Amino acid sequence: MISDRTLPRATAAWRWLLPLAVLAGGAHAAGCAAQAGDLAAAGGADCVRPWMDRQLKLNDLLAVGTHNSYKQAIPAAEHALIQARDPEAALALDYAHKPLSAQLDAGARQLELDVVRDDPHGGRYLDPLLARAAGSTLDRRWLHAMAQPGLKAMHVPDADFRSSCPLFRDCLRQLLAWSDRHPGHVPILVLVNAKDGDAVPEGVSLRGFDAAGFDELDAEIRSVLPAARLITPDEVQGRHRTLREAVLAGAWPTLAQARGRFLFALDEGPEKVALYRGRRASLEGRAMFVNTDEDSPAAAYLTLNDPQRDAERIARAVRAGFLVRTRADADTVQARGNDVAHRERALASGAQWVSTDYLWPDERFPGGFSVRLPRRAAALCNPLRAAARCAGHAVETVADEDWRRAEAAVLAAPAPRQ
C-alpha cells in the first residue's frame, strides 16, 4: 500500500498544481458563469466541471502514464542469461507493471503498447529463445494467445516477451471495458510502437510493418473501439488544409467533447511514419496521430523523452498547441538512484503526458521512487497552458473505490537479482 508520503512531493516549480478540492459534479451549478476567463471568476468550487468542460481543450491537461504498460517481470533464470550477455540491457529491462485496468484505476491516463506482426495464422513467437534456454515453463494462456492470428503486444520477442495482454486486441478490449465503467474520464493517450527487425541474435525475426501492416494495425484498433470513442486526425483537422494548421489554430476538442475517448499515436521514427502516412497530405483516414517534427503537415504530437535536454522545445511546442509526451524515468536509472529531480522537471515541463515505469515503487530500491500526481489526481491543468486559470483544482480525481482496487491489484514484481 502506498501512503501519501510515497507520492511525489510538489516542488516550488509546480506547487500551485495541487488540487484544492475534489472535482465537482457535472451538473451546471446555480450561478456558475462557465464562460468566464478563469475558474475563480466562474464561481469557484461549484463550477469546476462545467467551466473546465467548456474552457479547457485536450491539450490543456497534464496526466501521468506508463511506458511499456503491458510488460511483466522477467523470471530470475532468464534474467541471469541476459545479465551474462548484456548487463546494461539486463538493468534496463528489470521492471514490471500491474494490469492495465489497475494502472487506469490508479490514475494513469496514458498507456504504451508495443505491437509485433504475426504470421497470418499465428504461432510465430510460440517458442521464445530465452525461455527455452532457461528451461522455463510458459503460461498456458500466453501460449494460447500466441497461437492465434493477429497483432501481439510484447516488448522483445525471445527475451522480454511476457505481457499482461499478449493479443493487441485484448489490450484494447480491456481499455474499452474500463472506459465503459468510467464514462467521464479525461481522454486517454495510447502510444503504439510498431516493432520489426531482428530483435534477439539467433531469435525469430519480426515481420516488418509495411503499408499492409499499418492498415492491419488501424483495422485492429477500429475493430475494438467504436468510432465515437476515438479522437482521430481527421476530426482535429476538420476543414483545415493540414493537421498542423488545425493544431496551430487551436482545433483540439474541448474537454467536454473529449471525455470518455481515446487517441492513438504512432511513436516511431521518420521512416515508419512516412510508411504510415503514405501519399496523404496529413493523416487523412488514419486512426493514429504520429510522432513527427513541428514543421510537418502531419504535426500534432511529439515524443520528447528528455525533460532536461528537450526543455525548451517541449515548452515551445506545448505553447504552440502541440501534444507532447516526456518521461520521468528510463531504463530503471532514476528509480535505482531515487532521482526525484528528473521526475519534477518532467512534471513541470508542460508536456501533457509524463510516462513512468513506476506508478508503484520497486521494493528492491531504496527511496521508494514512484510517479503520481498529488492528492490522487488523474489529471491536472497543464502548467504552461491552463493552470493559472484553474484556481488549483484537479481536472479528474481518482475515486476511493478505484484507488483501493488499484492498490490491491497484484504486481508480479521482478525477483531479487544478484
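Begin by selecting strands β2 and β3, which pair in the antiparallel sense over two bridges. The model on display is a predicted one. Within this pair, select V116 and then K152 of β3, the residue that stands opposite V116.

Strands of a sheet pair through backbone hydrogen bonds, in either a parallel or an antiparallel arrangement.

Strands β4 and β7 pair in the parallel sense, over five bridges. To see one of the paired positions, select I188, whose bridge partner in β7 is F262.

How many of the eight residues of strand β4 are buried? Colour residues 188–195 by accessibility: seven of the eight are buried, and the strand is mostly covered.

**The helix across the sheet**

**The disulfides**

Display the cysteine side chains next. The model contains three disulfides. Counting bonded cysteines along the chain, the disulfides follow the pattern 1-2, 3-4, 5-6.

Start with C32 and C47, which are joined by a disulfide with an S to S distance of 1.6 Å. This pair links distant parts of the chain, 15 residues apart: C32 belongs to the segment before α1 (39–42), and C47 to the loop between α1 and α2 (48–55). The torsion about the S-S bond of C32 and C47 is about 45°, so this disulfide is right-handed. Both C32 and C47 are buried.

Proceed to C165 and C171, a disulfide whose sulfur atoms are 2.0 Å apart. The link of C165 and C171 is right-handed, with 95° about the S-S bond. Are these cysteines buried or exposed? C165 is buried, with a relative accessible area of 1%; C171 is likewise buried, with a value of 0%.

The remaining stop among the cysteines is C381 with C390, where the S to S distance of the disulfide is 2.1 Å. Which hand does the link of C381 and C390 have? With -90° about the S-S bond, the link is left-handed. Both C381 and C390 are buried.

**A loop residue**

To finish, select T232, located in the loop between α9 (211–224) and α10 (233–237). Why does T232 count as buried? Its relative accessible area is 13%, and buried means under 20%. Then show the surroundings of T232: apart from neighbours within four places in sequence, T232 is in contact with R222, R286, A287 and F289.

Methods:
Residues are numbered from 1 along each chain as its sequence is written. This is a predicted model: local features need pLDDT of at least 70, side-chain atom pairs count only at pLDDT 80 or more; totals for chains, interfaces and linings use all residues. Side-chain values use heavy atoms; hydrogens and water are left out. A disulfide is a pair of cysteine sulfur atoms within 2.5 Å. Helices (H or I, at least four residues) and strands (E, at least two) are DSSP runs, numbered from the N terminus. Buried means under 20% relative accessible area, exposed over 50%, partly exposed in between (1.4 Å probe, protein chains only). Two strands pair if DSSP finds at least two bridges between them. Contact means heavy atoms within 4.5 Å.
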